[in-house]
Amino acid sequence: MTTSRILAKIKLAQRVAIFGHINPDPDAYGAMFAMRELCRQVGVEAEIFAIKNKDCYLDFLFPLNELKTDFKAENFDLVILLDLHLLSRVDSLFAVELSNHKNIIVIDHHKVMDGDVLPTKSTLIKDDYAATCEVLTGFAVENNLKITPQIATYLYTGLMGDTDRFLHNNLTTHVFETALTLFKSKANVQFIYNYLYRYKTPEQLRINKFLLDNMVFTAKDRALYVIFGLDDLKKLNADQESVKVFTNDLVNVKGVEVSFMCIEYQKDFFKFSLRAKNGINTVNFAKKMGGGGHVCASAFEMKISRNKLQKILPKWAKEILNGK
Ligand SMILES: [Mn+2]
């Protein structure tokens with residue numbers, strides 16, 4: 001669908017319900033809040049339905065206290081799904097009510113795969129774009145909608161989230177053009193960078209210190225692992241989810257080709273996040289252990305004591321490095 005057809009459909013509605021994917025990231029939140037403001041700009045009522053995770057930096061970037069959770073399909077004549085194109089990606093709390101809805105728009109940048117069953121024919125999917133916020137910027141520009149500084153700030157946050165401030169390999173001329181458009185529309189760029197990249201919480205610093213102090217190199221320094229046991233987490237006053245965000249840091253150590261983030265969830269029950277570079281395959285190993293994922297990023301879980309784990313990790317590392 002063209003962006004003008006999408007807007008025409010929105011203008012026909014009285015009340016719009018906006019959704020993003022489960023565990024919303026900056027792109028999902030940016031798109032949802034920008035879309036809410038754009039709907040209101042054309043005189044259409046709009047609400048965002050989402051379940052937020054625990055308090056974090058996102059609370060400073062978006063007014064998450066305005067999120068709604070009590071969705072009733074009958075109260076809304078249009079649903080807009082952002083940053084996803086499958087109903088299974090929406091929080092299960094909304095699934096039943098959503099499946100009853102007949103009037104849905106999908107705006108997304110994820111590639112539609114064979115076998116994907118889209119919930120509507122009204123879609124605006126640009127899989128060559130880095131972020132849904134990039135799609136929405138185009139939607140606003142092409143329809144001459146006003147990108148206020150607030151909307152620009154929401155959209156720029158999403159663009160930074162999904163490109164990791166121009167770090168990922170999804171960059172195009174259009175990404176930079178979008179950034180320029182949003183910058184000219186007075187996105188509060190320094191404010192965004194403060195919360196996305198500059199500020200560290202004491203908890204994050206404690207976790208990072210522990211990580212640096214407890215890295216174990218093995219397989220002639222080609223592999224690296226860190227174990228966060230329940231007792232460690234308790235001392236750090238941190239939970240497993242806060243530790244997981246450091247997973248990518250391990251494999252980025254120069255010379256390291258495979259890394260293991262080992263986090264204890266229950267006594268002697270660990271979850272493992274594997275990362276690799278230089279084409280090393282982790283997913284074959286993860287599958288063998290009952291997990292899955294991608295070649296360079298995979299995961300599995302198992303019951304094992306910390307002592308046994310420390311003995312077996314060098315063997316796992318060798319196995320993966322030897323391509324088994
Ligand atoms: Mn996205």
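Of the chain's 324 residues, 36% count as buried; a residue is buried if 20 or more other C-beta atoms, placed from the backbone, lie within 10 Å of its own. This is a predicted model: local features need pLDDT of at least 70, side-chain atom pairs count only at pLDDT 80 or more, and totals for chains, interfaces and linings use all residues. Residues are numbered from 1 along each chain as its sequence is written.

**Overall build**
- The chain holds 14 helices and 11 strands (DSSP runs numbered from the N terminus: helices are H or I, at least four residues; strands are E, at least two).
- Its radius of gyration, taken over C-alpha atoms, is 22 Å, close to the 20 Å from the globule rule for 324 residues, so the chain is as compact as a globular protein of that length. That rule is 2.2 Å times the number of residues to the power 0.38.
- The C-alpha trace spans about 65 × 40 × 35 Å along its principal axes.

**Domains**
- Domain 1 covers 3–198 and domain 2 covers 203–321, with bounds from an automatic or database domain assignment.
- The C-alpha centres of domain 1 and domain 2 lie 33 Å apart.

- Six strands form an open sheet in the order 6-7-8-9-11-10, with mixed pairing (two strands pair if DSSP finds at least two bridges between them).
- Strand 6 (216–218) and strand 10 (292–293) stand at the edges, each with a single partner strand, so one side of each has no neighbour in the sheet.
- Strand 9 (residues 269–276) pairs with strand 11 (residues 297–303) in the antiparallel sense, over 7 bridges.
- F270 stands opposite M302 in strand 11.

Methods
Buried ≥ 20, exposed ≤ 12 C-beta atoms within 10 Å, placed from the backbone.
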